[in-house]
Amino acid sequence: QVQLVESGGGQVQAGGSLRLSCAASGRAYSSYKMAWFRQAPGKEREFVARIWWSGELYYADYVKGRFTISRDNAKNTIYLQMNNLKPEDTALYFCAAGQTPGQTPGSYPYWGQGTQVTVSS
């Protein structure tokens with residue numbers, strides 16, 4: 001089992017920045033691959049970025065160049081730095097953990113509760 005707790009969401013104006021955090025705990029968490037997803041009202045959950053504990057990164061095209069995923073192994077925490085936010089980035093952001101690579105929600109069995117990001121124009 002892996003427990004995930006997100007924080008850092010909030011409301012900002014377009015062009016602003018936020019940093020999300022995801023604290024991981026539980027059995028063998030360090031072997032898991034970590035990712036961020038988001039879900040806007042009425043839309044499906046979509047992939048944002050992922051990071052393996054080896055440091056390998058991958059981003060969705062719609063956030064590339066604006067968002068940065070990182071991790072602090074000592075704190076068992078991953079981060080999502082979001083810059084130049086746009087109204088279309090408004091969503092509930094989730095942290096996820098799994099042992100198989102992928103960009104679909106089904107690849108990740110463990111999820112946090114989500115943190116809301118709202119970007120106003």
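This is a predicted model: local features need pLDDT of at least 70, side-chain atom pairs count only at pLDDT 80 or more; totals for chains, interfaces and linings use all residues.
## Aromatic rings in this model

Residues are numbered from 1 along each chain as its sequence is written, and side-chain values use heavy atoms, with hydrogens and water left out.

So who sits with whom? A search of the whole structure turns up six aromatic pairs. Rings of Phe, Tyr and Trp (its six-membered ring) pair if their centres lie within 6.5 Å; planes under 30 degrees apart are stacked, over 60 edge-to-face and the rest tilted. Here are two of the pairs:

| Pair | Centre to centre | Between planes | Type |
|---|---|---|---|
| Tyr32 and Tyr110 | 5.6 Å | 75° | edge-to-face |
| Phe37 and Phe47 | 5.7 Å | 75° | edge-to-face |

Tyr32 is in the loop between β3 (18–26) and β4 (33–39), while Tyr110 is in strand β10 (residues 110–111), so their pair ties together parts 78 residues apart in sequence. Strands are DSSP runs (E, at least two residues), numbered from the N terminus. Both Tyr32 and Tyr110 are buried.

Phe37 belongs to strand β4 and Phe47 to strand β5 (residues 46–51), so this pair links parts 10 residues apart in sequence. Phe37 counts as buried too, at 0% relative accessibility.

Conventions
Helices (H or I, at least four residues) and strands (E, at least two) are DSSP runs, numbered from the N terminus. Buried means under 20% relative accessible area, exposed over 50%, partly exposed in between (1.4 Å probe, protein chains only).
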